[in-house]
Structures are given as structure tokens and as C-alpha cells.
Amino acid sequence: MWAELLPVGRSAASGGYRRFAWNTADAECRAWFEQQARDRGLGYELDRNGNQWAWLGDPAAGDAVVTGSHLDSVPDGGAFDGPLGVVSSFAALDELRARGARFTRPLAVVNFGDEEGARFGVACIGSRLTTGVLSREAAHELRDADGVRLPDAMERAGQDPTAIGADGERLARIGAFVELHVEQGRHLAEHQPVGVASAIWPHGRWRFDFHGEANHAGTTRIEDRRDPMLTYATTVLAARKKARLAGALATFGKVAVEPNGTNAIASLVRGWLDSRAADEATLTALVGEIERAAAERGERDGVRVALTRESYTPVVDFDGPLRDRLAAVLGGAPVLPTGAGHDAGILASAVPTAMLFVRNPSGVSHSPAEHAETADCLAGVTALADVLEDLACQ
């Protein structure tokens, strides 16, 4: 399974992956998932929000145990973020069948659509729509960098955009959701190959619009300029300093410039801030300080600054009894928080949810250098199989 997925959406130039929502690579990944389901005799289902489901047992029976992750990527992302969870889910099912396990609850493997938000700017669109965190109306307003609307992209890929929205009936079928994911950090490097998640830090995405005045780079005096690039650059440095002082994280990882000419002073710079902290009060205060720093510098530069919050996920504490049960099944596996968002974090508001992490020796993620050793990946499959057996085969 791993070998089949490796070439899909991979850039020859960077070695990273460009599997974005509703593009050709995404379609190939979806076709792969459907084939894996059919090869195992599982019931295949594509829901109203573009999420794929492979069912063992009757979905309508309720109290199902669900596992899975996502197959899309960030721009030039790694091979493990998302796909490891989906591949491991199918492999764990194979392991349980090899053990002769008797299932007493329905089991499903899921591939959630557009988890990374690389194309339309909002993470976890598939699970946000399902839980109602993202409304149909708001989703229909989303556009990619080329101006393509989300509903138009879905329709071109064969999905009905008018049907998207909260799916309470589907959520009511789920008794527990367990997502396996490569660790995006190095906590497990000093421990055993598999850990259990305790919580997800609150996090969000904010767009800063720096409005200046376009002018000629070679003829406009320094004192006559209203250059938004200066305000943007100062804000990036301020974000780094204030995050460090707060013990939090702040990253400007995406920027767009208009008119984007080498010999032109920009009229507009848009910068997207990703910020995360251990608690919501710290995160709110941090973003407020960054906004104030931007506004103060903008006043000096003659630049108007506007801030828009594009997405936000509050702190997620995973279901305590389920978390403790998983740790016990795995012989006292380490329990650790994470700063990375996941579909499991979105679903946690609606169903009992837990996560397993597989050791990442370098801690690198969202990069072609992302890696996990084969032995650790196999340990993850065994751990997931043990957990699913405990949950679904009693």
C-alpha cells in the first residue's frame, strides 16, 4: 500500500507532495482508497462532504469504531503526514482478520477530505463541515489562489456542492474515533515508538492585510514611500519575539504581494499568521500583541493594517476514559500533547476521540524530510490493531 501511494502527487523538483483538495493527485488518492476498500470486501461510501468511508459491518447499527486520517498534503509536504494513518488503518484491519478477531461493533476506515487546507485556506474542511463547525454558506465563499470557488472545484471533481453541511446522522453512528498519525515533534524520540495524545493546543490562522501605495522603486524618495513590505517585515520579526516571550508559536508562512513587481513598491502585502499556544488566553493575548505591533509600525509607515481571523480551533482535551484505555492497552504508553491540528480534534466536540502518535526521529514534518522508521510504523500498526481489537471485538 505504501509503495502504491508514494509517487502520487510527488514533485520531481522538491521531492515533496502536492496533493491538494480536488486536484488530480487528490483524485488518484481517492481512487486508491476506494480500491483498498473494495479489495477487502468493505462497504464503500462517499459522504456529502467528500469524506470517504470503508465499512466492516452495518453502519446503521451505530456505536461504530472508526479509524483513519487524511491523504492530502501541505505544499511540498512529506509522505507520512496523513497517509500513515490511512495505510495503518487498513493494515490494522488486515492484522485483526489474521488474528481471527470477532467484531462486535461496526468498524470503519475514513479518509477525511482537505485536512491540510492547502488549497482553500481552512484546515480540516471535511470534518469541519461534518460537525457543522464550518457552514455550507461559509464553505461556498472559499476560493483558492487562482480564484476558483470551493463548490466549483468540488463539482468539477464529481461532488455535489449543494449537499455539503452538518451530518449529525453520520456522527451519531460513531461510538469512538481513533486517529493514528506520525508525531510532529521529537517527544517520542526518547521514549517508545508509539504514544497517546492528551490534548491539542488551541490554534488558528489570521490574515494580515497591509495596504500601502504602489509607486516606482527607482524614482520615489524614501521619505515619500508608503511601503507595506516594511510593515509586513517588521510584523514578522515582532511575531517571533512575542511568541518566544510567551512560550508560544507564531509563524508567517505564506505571503502574497501586489503588484509583485521587482521595480515596484507594493500596494498591498497579505501575510498569513499561524499561531498556537498551550492555552487560549495566551493565544488570544499573543495575537493581540502582534496586531498592535503591526498597527503601530503601520502608522509610522503610512500603511493601513487590517486583520481577519480565517479559522480557529480551541483547546482540545481528548476523551479522558478513552485516552486512558488506549494507554493501558499499550502497556502504559507515554501520553503527550501536540501543537498540530487534526481531524480528531474537530470530531472531539461530537464523539469520543483519541489519537496515537508514531515516533518521528528528527521531528521534521510538513517537509519532504519527514520520516518514520519502518519498524516504528509497523509498531504503530500493531498498536492500532490492539486498540481496535479492545474497542471493537469485546
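This is a predicted model: local features need pLDDT of at least 70, side-chain atom pairs count only at pLDDT 80 or more; totals for chains, interfaces and linings use all residues.

**The packing of H8 and H9**

- Two packed helices are described by the angle between their axes and the distance between the axes.
- For helix H8, residues 228-246, and helix H9, residues 280-301, the axes come within 9 Å and cross at roughly 150°.
- Angles over 145 degrees count as roughly antiparallel, and H8 and H9 are therefore roughly antiparallel to each other.
- The crossing in which H8 passes H9 is right-handed.
- On the H8 side, the residues that meet H9 are Leu230, Thr231, Thr234, Thr235, Ala238, Ala239, Lys242, Ala243 and Ala246, while H9 contributes Thr282, Leu286, Glu289, Ile290, Ala293, Ala294, Arg297, Gly298 and Asp301.

**Backbone features in loops**

- Most residues other than glycine have a negative phi, and most peptide bonds are trans.
- Asp63, although not a glycine, has a positive phi of about 55°, and Asp63 lies in the loop between strand S2 (52-56) and strand S3 (64-70).
- With a relative accessible area of 43%, Asp63 is partly exposed.
- Cys124 is likewise not a glycine and has a positive phi, here of about 60°, and its place is in the loop that runs between strand S4 (107-112) and helix H4 (125-131).
- Cys124 counts as buried, at 4% relative accessibility, because buried means under 20% relative accessible area.
- The peptide bond that joins Glu258 and Pro259 is cis, with omega at about 0°, and Pro259 is found in the loop between strand S9 (249-258) and strand S10 (264-265).

**The surroundings of Val87**

- Val87 is found in helix H3, which covers residues 83-99, and Val87 is buried, with a relative accessible area of 9%.
- Which residues are in contact with Val87, leaving aside its neighbours within four places in sequence? They are Met1, Trp2, Leu5 and Trp32.
- Val87 and Leu5 are 82 residues apart in sequence, and their C-alpha atoms are 9.3 Å apart in space.

How values were computed: Residues are numbered from 1 along each chain as its sequence is written. Side-chain values use heavy atoms; hydrogens and water are left out. Axes are lines fitted to C-alpha atoms, for helices over the stretch in contact, and angles run from 0 to 180 degrees between N-to-C directions. Helices (H or I, at least four residues) and strands (E, at least two) are DSSP runs, numbered from the N terminus. Angles under 35 degrees count as roughly parallel, over 145 as roughly antiparallel, 65 to 115 as roughly perpendicular and the rest as oblique. A crossing is left-handed if the near helix is turned anticlockwise from the far one by less than a right angle, and right-handed if clockwise. Contact means heavy atoms within 4.5 Å. Buried means under 20% relative accessible area, exposed over 50%, partly exposed in between (1.4 Å probe, protein chains only).
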